[in-house]
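The following report describes selected local features of a protein structure.

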Amino acid sequence: MLLAIILACIGAFALLTILIYLYRPLYHPKYLEDLYDCHVVITGGSSGIGKELARLFLNEYGSRVTILARNSERLEECRRDLSPNLSERLLCLSVDISQSYEEVENAIQHAIRHHQDKPVDILINSAAIFYARPFDQTKPEEFAEMMRINYLGSVYCTQACLPSMKRRGTGRIVFLSSQAGQLGVFGYTSYCSTKYALKGLAESLQMELERENIYITLVFPPDTDTPGLKEENKSKPKETQMIIETSGLLSAEQVAKKIIQSTRKGSFTCSYGINGFLLTCLTCGAQPVTTKTQLTSSIVQRSGSSYCISTVFIGGVGMACCQSDLCNAAQPIHQVSIL
Amino acid sequence: MWIIIFAAIVIFIFFVLLYLLRPVYRPECLLTLRDVHVVITGGSSGIGKELARQLLNEHQARVTILARNQQRLDECRQDLALGNNERLLCLSVDVGQSYADIEKAIQQACQYHGNRPVSILINNAGIFYARTFEETTTDDFEKMVRINYLGVVFCTKACLASMRQHGSGRIVLVSSQAGQIGVYGYTSYCSTKFALKGLAESLQMELVRDNIYVTVAYPPDTDTPGFAEEKKTMPIETRLINDTSGVVSAADVAKKIIISTQKGSFSCWFGINGFLLECLTSGAQPITSILELISQCLTIGLARIIIVGLLNTFYSVVTRKSLKNNKTK
């Protein structure tokens with residue numbers, strides 16, 4: 001009897017070892033120990049998460065930072081705030097990344113020359129616009145604009161930085177998505193689509209860039225305390241407000257810190273808190289893994305529990321939307337039956 | 001005694017869970033599609049054409065096809081419209097260009113079909129080709145976004161008003177298995193198809209109170225003229241990866257899409273690969289039947305193991321190709 005148990009344990013252990021070998025992570029990005037003098041390009045770096053990232057890179061890591069943003073005034077304020085002594089480690093360039101690829105390419109080349117011909121080591125695509133608005137209240141041009149800035153802008157910047165990363169033989173590309181890039185929410189039809197598109201881009205792109213030693217990180221922050229969020233809250237639909245309240249609010253600094261950690265590790269995803277962890281396991285789908293813990297946790301989590309939680313969440317949210325409609329005293333002709 | 005109490009508690013918890021996890025909405029199954037006004041974009045060839053064929057011949061629906069190429073539209077009309085002349089309307093419009101054009105086309109279609117509002121919109125128009133990220137020009141990226149994503153948004157917006165008036169509707173987004181998993185060579189295509197998923201999830205949350213249901217279809221490689229064209233320029237890495245999956249006929253794809261639309265299911269998958277991918281990437285999708293939830297919960301962990309194994313294969317295909325290229329250099 002005891003012998004049978006021992007044999008079973010050994011067999012199980014052997015099977016586990018074989019499985020761990022077969023399912024070892026696809027690639028092992030080298031941990032970036034030293035970020036001193038690393039050339040980091042941050043789009044949308046003049047405020048919010050981008051600005052906190054720039055602050056941390058400059059002050060804590062001694063990197064060389066290039067900020068690309070549209071609004072010259074905000075860029076100027078940002079420059080004064082981050083680098084009052086006008087350090088040449090910080091370069092702020094006013095460029096609309098969604099307008100034309102040539103402009104972006106010129107800006108990147110200018111930045112490389114400024115930073116003593118250092119190719120781009122890390123590209124952080126943080127530039128984005130966001131607002132919550134129901135589908136029928138969002139104009140066709142607004143859909144196009146959001147796609148241009150949130151998605152095409154990231155594409156252009158990535159294409160512009162890739163040649164220098166390839167020459168260097170290494171690189172990190174970060175795409176700032178959102179928890180709204182993991183699940184669809186009322187009022188975010190245009191925003192969710194652009195953030196989901198970044199996920200599709202990241203998964204395909206990583207498959208192409210793995211052999212170049214360039215690693216992609218997708219970041220899924222929840223609501224973050226930034227000027228952008230304050231602006232968004234002014235016009236947020238009630239339904240969206242009720243749903244978002246279920247998730248917390250983080251400071252831009254907390255978000256930025258974790259982004260830098262994940263980038264150094266070359267992790268494919270970066271999520272926040274227990275909600276973020278559950279959501280990432282739930283929606284990891286066909287993402288690559290970079291550590292064994294990611295694989296095991298995603299398998300164990302996805303075996304039901306997080307799935308059930310999200311279904312309850314979505315059920316609750318669906319009801320919130322229906323109730324809100326009733327609250328608006330509209331007389332729906334066809335009521336959805338809530339059994 | 002204790003066993004009975006324990007069993008009773010388990011059964012009680014089971015029923016509580018069943019209640020909490022019940023489907024968030026129950027679309028009415030569209031039993032008959034006779035005289036139902038269906039708009040199909042990109043309906044002049046491939047999957048769209050098969051959909052039109054089946055809807056016209058097997059379901060006696062009224063079909064409006066929107067497509068760009070006038071010549072292909074004419075050929076399609078000749079092919080489909082034997083004896084169905086007035087049930088089929090073909091309009092030449094570029095869905096990615098201007099919202100105003102689409103709105104006009106939809107209004108024209110509604111008027112033509114005896115002032116019938118649109119009951120089912122099938123967003124099938126899409127372009128696809130496989131090309132590496134660096135070889136894809138900015139124009140390519142923009143064009144793909146315009147047609148594959150913005151075209152869908154514009155058509156959906158144009159049809160929504162009449163669906164709301166009618167008090168019900170079905171919106172189908174034809175995505176792809178490349179909208180569930182990112183693959184070498186599909187950076188532009190995958191992004192647009194992933195975007196459709198994000199759109200569908202958010203949109204369904206907004207439309208549930210209007211009795212309008214969204215279906216996302218994820219066909220694998222389908223035997224169509226578009227696919228034949230794509231194969232000509234496909235990078236070899238993409239071809240090797242695609243070969244792991246099969247090719248299905250457009251008729252089979254169309255059949256399943258119609259069934260899923262009738263049921264109002266949120267997703268429509270094809271074959272065992274499709275089933276696994278769907279469970280794997282179901283993420284935060286809504287469910288329309290408890291069976292979906294059970295099958296997804298049970299297979300998710302296993303599906304993740306399988307897909308990581310597959311990804312290992314894909315990545316090594318890509319790396320091997322690179323080593324080969326370097327050697328020949």
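A:Phe57 is buried, with a relative accessible area of 1%, where buried means under 20% relative accessible area, exposed over 50% and partly exposed in between (1.4 Å probe, protein chains only). The model is a predicted one, in which local features need pLDDT of at least 70 and side-chain atom pairs count only at pLDDT 80 or more, while totals for chains, interfaces and linings use all residues. Residues are numbered from 1 along each chain as its sequence is written, chains are lettered from A and ligands numbered from 1 in the order in which they are written, and side-chain values use heavy atoms, with hydrogens and water left out.

**Aromatic pairs**

Rings of Phe, Tyr and Trp (its six-membered ring) pair if their centres lie within 6.5 Å; planes under 30 degrees apart count as stacked, over 60 as edge-to-face and the rest as tilted. By this rule there are eleven aromatic pairs over all chains. In one of them, the ring centres of A:Phe57 and A:Tyr61 are 6.2 Å apart and the planes stand at 50°, so the pair is tilted. A:Tyr61 counts as partly exposed, at 23% relative accessibility.

Another pair is formed by B:Phe128 and B:Tyr189, with centres 5.9 Å apart and planes at 55°, so this pair is tilted. B:Phe128 lies in the loop between E4 and H5 of chain B and B:Tyr189 in helix H6 of chain B, so the pair ties together parts that are 61 residues apart in sequence. Helices (H or I, at least four residues) and strands (E, at least two) are DSSP runs, numbered from the N terminus. B:Phe128 is partly exposed, with a relative accessible area of 27%, whereas B:Tyr189 is buried at 9%. In chain A, ring pairs link A:Phe130, A:Tyr188 and A:Tyr191 into a cluster.

**Strand E5 of chain B**

How many of the six residues of strand E5 (residues 169-174) of chain B are buried? Six of the six are, so the strand is largely enclosed by the rest of the structure. Both of its faces are covered: B:Gly169, B:Ile171 and B:Leu173 are buried on one side, and B:Arg170, B:Val172 and B:Val174 on the other.

Two strands pair if DSSP finds at least two bridges between them. Strand E4 (residues 120-123) of chain B runs parallel to E5(B) and is joined to it by four bridges. E5(B) also pairs in the parallel sense with strand E6 (residues 212-217) of chain B, over six bridges. B:Ile171 takes part in both pairings, as the bridge partner of B:Leu121 and of B:Val214 in E6(B).

E4(B), helix H5 (residues 138-166) of chain B and E5(B) make a right-handed unit, as do E5(B), helix H6 (residues 187-207) of chain B and E6(B). A crossover is right-handed if, with the strands pointing away from the viewer, the path from the first strand over the helix to the second runs clockwise.

Most residues other than glycine have a negative phi.

**A buried glutamate**

B:Glu292 lies in helix H11 (residues 290-328) of chain B. B:Glu292 is buried yet has no salt bridge, and the nearest side chain of opposite charge, B:Lys263, is 7.2 Å away. A salt bridge is a side-chain nitrogen of Lys or Arg within 4 Å of a carboxyl oxygen of Asp or Glu; Lys and Arg count as positive and Asp and Glu as negative, while His and the chain ends are not counted. Leaving aside neighbours within four places in sequence, B:Glu292 is in contact (heavy atoms within 4.5 Å) with B:Pro286 and B:Ile287.

**Chain A and A:Ser177**

Chain A has twelve helices and nine strands, and buried residues make up 59% of its 339 residues. Among its contacts with a separation of 6 or more, 74% are between residues 24 or more positions apart.

A:Ser177 lies in the loop between strand E5 (171-176) and helix H6 (189-209) of chain A and counts as buried at 4% relative accessibility. Beyond four places in sequence, its contacts include A:Tyr191, A:Lys195 and A:Phe220. A:Ser177 and A:Ala128 are 49 residues apart in sequence and 9.3 Å apart in space, C-alpha to C-alpha.
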